[in-house]
Amino acid sequence: MVPQFARGHRLREDKARGRWVILAPERVFEPDDIATEVLLLVDGVRTFDEIVDALAAKFAAPRDAIAADVTVMLADLRERQVLAG
Amino acid sequence: MTPPPPIGLLAELTHRCPLRCPYCSNPLALAAADGELTTADWARVFRQAAELGVLQLHLSGGEPAARRDLVELVSHAAGAGLYTNLITSGMMLDAGRLAALAEAGLDHVQLSVQDSEPGSADRIAGFPGGHARKLAFAGLVTQAGLPFTLNAVVHRQNLDHLGEIVALALQLGAKRLEVAHVQYYGWALLNRDHLLPTRDQLDRATVMVEQARSEHRGVLSIDYVVPDYYATEPKACMGGWGRQVMVVNPTGKVLPCHAAESLPGMVFESVLDRDLASIWTSSEAFEMYRGTGWMRGPCQGCVNAERDWGGCRCQAFALTGDATATDPACRLSRDHSLLDVAVQRAAAPAGDFIYRERARVKTSVL
């Protein structure tokens, strides 16, 4: 599975406010720090497994726990139509 | 204290438009084409907006596609890093130009319809054949893979068709439907007696929206809020004066809201004279109703003062003649009963729509 942003949605650094945001039709979502780390890896190329591997390496955390968290987060963003597929 | 930067910029690229909707949000005195900002002016405004902290750019009008340089403008906006939303009637864009817009970095399209079926829609828009062209345009938008929102301005003459409007949004492949009640200043105030819905209509519409929302969850999201004339609490107009959004009109004036020119005695500065950041932070117009310092009773000290920011200044002025009054949409306003009076008066309208057109003599309505 290759997660990707739905058309019309993208992650951008909001330098003026010192945060990252998801820009969407008529809306702005503010992902928290953890969600931002995940979404920075969502590029339409990396698979779900590759994203989890990258996070596990970066944060030296158990892979299973990360996989579970990322699954929930991506499902939520898919339901909100931020992510496609 | 420096105010936080705006999230959104509404760029009214032009007041030119083929449609003549009687509730048009443009001012009664429409700007002429020869007074419009140049391509280079807009490119500079977009760069300044992005530097200031604006994230989303709404390209509006009039009909923004009446600008021959629209593709170039989108390209400048995307280059500045702005999220670009095209607010269009869909009347002046063919497949080729739409593809060029997508290529230039356009993120989203908001297409307006005036009703669910052509006879009524064309009459309201004052343009025979317009509705069919809009439907064809919606097809082009989905073919181009661009996400789009269908926008329907609703009022007495089309509110009973809300179910059909929802069906139309689904049929056209819109991801969002924005159902916007007419707001009564400018052109809409001239036509208020023809446009104000009845309480019964409104109640049926509210039930209808709730049903449609649950029925189409995850497929179509519906934006809908109760209109002011039947509200008991005012809305934070534009998210509060000078808090979230700034508007640049076709000639370069910078406004806290698109109707602000209806307020008397205001001076709006131009992007031709000053940069956006200094206009946002320190111009008299933005300072005038920002925050709560300007408020009087019952707004001052109200627990909701920093939630609704006193409601809409333009509506307060249009109804009471006093731009510093509490928005009459608030049940605590001493002028709240004016809304009931307007609703009663609208029950027996005389004449027909006054359609939007250039250089109309200003008409008294109150």
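This is a predicted model: local features need pLDDT of at least 70, side-chain atom pairs count only at pLDDT 80 or more; totals for chains, interfaces and linings use all residues.
1. A residue counts as buried when its relative accessible area is under 20%, as exposed when over 50%, and as partly exposed in between (1.4 Å probe, protein chains only). By this rule B:Arg334, at 74% relative accessibility, is exposed. B:Arg334 sits in the loop between α13 and α14 of chain B. Helices (H or I, at least four residues) and strands (E, at least two) are DSSP runs, numbered from the N terminus.

2. Residues are numbered from 1 along each chain as its sequence is written, chains are lettered from A and ligands numbered from 1 in the order in which they are written, and side-chain values use heavy atoms, with hydrogens and water left out.

3. Six of its eight residues are buried, so α13(B) is largely enclosed by the rest of the structure. The buried residues are B:Arg313, B:Cys314, B:Gln315, B:Ala316, B:Ala318 and B:Leu319. Their cover includes α7 (187–190), α8 (192–195) and α14 of chain B. After α13(B) comes B:Gly321, with a positive phi near 80°.

4. Next, the contact between the two chains. Contact means heavy atoms within 4.5 Å, and 27 residues of chain B are in contact with 16 residues of chain A. How much area do chain B and chain A bury between them? The figure is about 1700 Å², with 47% of it on carbon and sulfur atoms. Buried area here is the accessible area (1.4 Å probe) that two parts lose on being put together, summed over both.

5. A salt bridge is a side-chain nitrogen of Lys or Arg within 4 Å of a carboxyl oxygen of Asp or Glu. Between chain B and chain A there is one salt bridge. Its partners are B:Asp107 and A:Arg10, at 2.8 Å from N to O. On the chain B side, the elements that give two or more residues are β2 (56–60), β3, β4 (108–113) and β6 (176–181). That side divides into 14 nonpolar, nine polar and four charged residues. Here Ala, Val, Leu, Ile, Met, Phe, Trp, Tyr, Cys and Pro count as nonpolar, Asp, Glu, Lys and Arg as charged, and the others, Gly among them, as polar.

6. Over all chains the count is 24 salt bridges. In one of them, B:Arg307 pairs with B:Glu233, the closest N and O atoms being 3.4 Å apart. B:Arg307 lies in helix α12 (residues 305–308) and B:Glu233 in the loop between β7 (221–224) and β8 (245–248) of chain B, so the pair ties together parts that are 74 residues apart in sequence. B:Arg307 is exposed, with a relative accessible area of 53%, whereas B:Glu233 is partly exposed at 39%.

7. B:Arg296 and B:Asp322 also form a salt bridge, at 2.7 Å from N to O. This pair links distant parts of the chain, 26 residues apart: B:Arg296 is in the loop between α11 (284–288) and α12, and B:Asp322 in the loop between α13 (313–320) and α14 (337–346) of chain B. B:Arg296 is partly exposed at 39% relative accessible area, and B:Asp322 is partly exposed at 24%. In chain A, salt bridges that share partners join A:Asp14, A:Arg17, A:Arg19 and A:Glu30 into one network.

8. A nonpolar core is a set of buried Ala, Val, Leu, Ile, Met, Phe, Trp, Tyr and Cys residues joined through side-chain atoms within 4.5 Å. Which residues of the largest nonpolar core touch the most other members? They are B:Phe46 and B:Leu150, in a core of 83 residues. Helix α6 (residues 162–172) of chain B gives the most to this core, with six residues. Another core, of 23 residues, lies apart from it and has A:Phe5, A:Leu41, A:Val42 and A:Met73 among its members.

9. Last, B:Ser89, in the loop between β3 (83–88) and α3 (95–104) of chain B. B:Ser89 is buried, with a relative accessible area of 5%. Leaving aside neighbours within four places in sequence, B:Ser89 is in contact with B:Leu19, B:Glu63, B:Leu111, B:Ser112 and B:Lys134.
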